[in-house]
Amino acid sequence: MPDMIPLPERPFRQPTLSVVVPAFNEAAGLDRFHQRLAAALADSVSWEVIYVDDGSTDGTLAVMEALRSTDCHAGVLSLSRNFGKETAITAGLDHAAGDAVVVIDADLQDPPELIPELIAQWRRGYDMVNARRRSRAGETWLKRRTAHAFYRLMQRTGALKLPEDTGDFRLLSRRAVDAVRQLREQHRFMKGVFAWIGYPTTFVPYDRACRSSGVSKWTYWRLWNLALEGITSFTVMPLKCATYVGLAVAVLAVIYAVQVIVKTLIIGNPVAGYPSLMTVVLFLGGVQLMFLGVIGEYLGRVFDETKQRPLYLVQRFEPSAVRVAR
C-alpha cells in the first residue's frame with residue numbers, strides 16, 4: 001500500500017480529536033464554519049482541524065492558510081489537484097492524529113455543535129458514531145426521494161447494510177480510522193467503506209440545514225455516478241440481474257418458438273410480419289448492449305485497480321500547531 005501516509009513518529013502532542021474538513025471551492029463559508037467549530041469545541045477536548053483543499057480554483061486554500069496563521073488548532077492539507085470528495089476524506093483520515101476523528105463538510109449543512117454529542121457517544125465505547133438526518137432542509141423532493149430509494153436499494157441487494165439517512169458526518173475511533181486506512185480501492189464510496197468495517201456503531205439524530213453559502217457541487221449527474229460507485233463497489237447485483245434477464249428472455253423465446261411451430265402446423269406458414277420481427281431484434285439488441293455496459297463497468301474497475309496508482313498526491317501538508325514537540 002505505497003500511498004498510505006504514516007503518521008509522524010511520536011513524540012508530539014497527540015490531540016484527542018481531529019476534525020477532517022474536505023473542501024472544494026468553499027472560500028465564502030470557511031471563516032464562518034471555523035468560528036462555529038471553534039466555539040463548539042472551546043470547552044471540550046484537545047482538538048485540531050485538518051482542512052483538506054481538494055484542488056480548489058477559488059481562494060479556498062488562501063482562506064485555509066489564513067485560518068492556520070491565526071488559530072493553532074488549524075492545519076492545512078493541500079492536494080495536487082481535484083481528486084474528488086471521497087479521496088479528500090481519505091487523505092484527511094491518513095493525516096489525522098487524534099484518538100477520534102470527525103468528518104464534516106464545510107458548508108454548515110451539518111452543525112459543528114453536534115460534535116460534543118458524538119464525542120460523548122464515543123466515550124461510551126462506540127467506534128463509529130453516525131449523525132443521522134431527521135430532516136433535509138433545502139433539498140428538492142426529487143433529491144430526497146432518489147436518496148431514499150438508493151439507501152433502500154443498497155439495503156436489499158447486497159450483503160452490506162448501508163445505514164439510511166447517514167452521510168459523511170460522523171466520528172470514528174482510532175481503531176476505526178486505522179481499519180479504514182487499510183482499504184485502498186481506487187473507486188471509493190466512503191459511506192460503504194465506513195459501513196463495511198463494522199465495529200460497535202450508534203447514531204445521533206439531527207436536522208440538516210441549508211447551505212450557508214455557495215452552491216452544492218453535487219449535481220444529479222454526479223450523484224448518479226456516486227450511486228453507481230456504491231452499487232458496483234459493494235454488490236454484484238447488476239451482474240445477477242443480467243443473468244436473470246437473460247434467463248427470462250430465453251424462456252420467452254422458447255415459448256414463442258413453440259407457439260410459432262404449433263401455429264405453422266395448424267394454419268400453415270404465412271409471411272412473418274416485419275414490425276414484430278424488428279421489435280424482437282431491437283429489444284434483444286438493447287438488452288445485450290445494456291448488460292455489456294454493466295460488465296464493462298465492473299471490468300473498468302478491475303482495470304483501474306490493477307494499475308495500483310496512489311489514491312492522491314499531496315502538494316503540501318502544514319499540521320496544526322497543536323502537534324508541537326513536548
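Q: How much of the protein chain counts as buried?
A: Of its 326 residues, 45% count as buried. Buried means under 20% relative accessible area, exposed means over 50%, and partly exposed lies in between, with a 1.4 Å probe and protein chains only.

Q: What kind of model, and what are the ground rules?
A: This is a predicted model, where local features need pLDDT of at least 70, side-chain atom pairs count only at pLDDT 80 or more, and totals for chains, interfaces and linings use all residues. Residues are numbered from 1 along each chain as its sequence is written, and side-chain values use heavy atoms, with hydrogens and water left out.

Q: How many helices and strands are there?
A: The protein chain has 10 helices and eight strands. They are DSSP runs numbered from the N terminus: helices are H or I with at least four residues, strands are E with at least two.

Q: What share of the contacts is between residues 24 or more positions apart?
A: 84% of the contacts with a separation of 6 or more. Contact means heavy atoms within 4.5 Å.

Q: Switching to rings. How many aromatic pairs does a search of the whole structure find?
A: Two. Rings of Phe, Tyr and Trp (its six-membered ring) pair if their centres lie within 6.5 Å; planes under 30 degrees apart are stacked, over 60 edge-to-face, and the rest tilted.

Q: Which elements hold Phe33 and Tyr51?
A: Phe33 is in helix H1 (residues 30-41) and Tyr51 in strand E2 (residues 47-53), so the pair ties together parts 18 residues apart in sequence. Phe33 is buried at 0% relative accessible area. Tyr51 is buried, also with 0%.

Q: And what is the geometry for Phe169 and Tyr206?
A: Edge-to-face, with 5.7 Å centre to centre and 85 degrees between the planes. Phe169 lies in strand E6 (residues 166-173) and Tyr206 in strand E7 (residues 201-208), so this pair links parts 37 residues apart in sequence. Phe169 is buried at 1% relative accessibility, and Tyr206 is buried at 4%.

Q: Now salt bridges. How many does the search find?
A: 11. Each is a side-chain nitrogen of Lys or Arg within 4 Å of a carboxyl oxygen of Asp or Glu.

Q: What does Arg36 pair with?
A: Glu113, with the closest N and O atoms 2.8 Å apart. Arg36 is in helix H1 and Glu113 in the loop between strand E4 (100-103) and helix H4 (115-123), so the bridge ties together parts 77 residues apart in sequence. Arg36 is partly exposed at 25% relative accessibility, and Glu113 is partly exposed at 42%.

Q: Lys85 and Asp105: buried or exposed?
A: Both are buried. Their closest N and O atoms are 3.0 Å apart, in a salt bridge.

Q: Where do Arg174 and Asp178 lie?
A: Both are in helix H6 (residues 174-180), four residues apart, about one turn of the helix.
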